[in-house]
Amino acid sequence: MLVGHYVNILNYFDNKLTNVILEGLNNVVWAVKYSARGFRNSEYLWCVVYLYCGVFEVRV
């Protein structure tokens, strides 16, 4: 397993880059999709993801 990822492992020590942020965002999107059990279109999905992440403020 390490032999197949040898170049990527060495790349980490050179650049200090990982895909942790992308994996975290993917987890948020999955959780929102699962909790809603479906959206009419992708625009609604992204709006709820932004609300969930705190990008928008909800004013009543």
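Mentor: What follows starts at the core and works outward to the rest of the chain. Keep in mind that this is a predicted model.

Which residues form the largest nonpolar core? There are five: Val 28, Val 29, Val 32, Leu 45 and Val 49. Two elements give two or more residues to this core, α2 (20–36) and α3 (42–53). Of these, α2 gives the most, with three residues. Look next at Val 49. Leaving aside residues up to four places away in sequence, Val 49 touches Val 28, Val 29 and Val 32.

Now the fold around it. The protein has three helices and zero strands. Along the sequence the pattern reads α-α-α.

Turn to helix α1, residues 6–15. Is it buried or in the open? Of its ten residues, the number buried is zero, so α1 lies largely in the open. Just after α1 comes Lys 16, with a positive phi of about 60 degrees. Thr 18 sits in the loop between α1 and α2. Its relative accessible area is 54%. The cut-off for exposed is over 50%, so Thr 18 counts as exposed.

Step back to the overall dimensions. What radius of gyration does the protein have? The value is 17 Å, whereas a compact globule of 60 residues would have one near 10 Å. The C-alpha trace spans about 55 × 25 × 15 Å along its principal axes.

Burial across the chain comes next. Buried residues account for 8% of the 60 residues in the protein.

Last, the charges. The protein carries 5 positive and 4 negative side chains. The centres of the two sets lie 11 Å apart.

To return to your request: the core takes residues from α2 and α3, with Val 49 touching Val 28, Val 29 and Val 32. Helix α1, by contrast, has zero buried residues.

Methods:
Residues are numbered from 1 along each chain as its sequence is written. This is a predicted model: local features need pLDDT of at least 70, side-chain atom pairs count only at pLDDT 80 or more; totals for chains, interfaces and linings use all residues. Side-chain values use heavy atoms; hydrogens and water are left out. A nonpolar core is a set of buried Ala, Val, Leu, Ile, Met, Phe, Trp, Tyr and Cys residues joined through side-chain atoms within 4.5 Å. Buried means under 20% relative accessible area, exposed over 50%, partly exposed in between (1.4 Å probe, protein chains only). Helices (H or I, at least four residues) and strands (E, at least two) are DSSP runs, numbered from the N terminus. Contact means heavy atoms within 4.5 Å. The radius of gyration is taken over C-alpha atoms; the globule rule is 2.2 Å times the number of residues to the power 0.38. Lys and Arg count as positive and Asp and Glu as negative; His and the chain ends are not counted. The place of a charge is taken as NZ of Lys, CZ of Arg, CG of Asp or CD of Glu.
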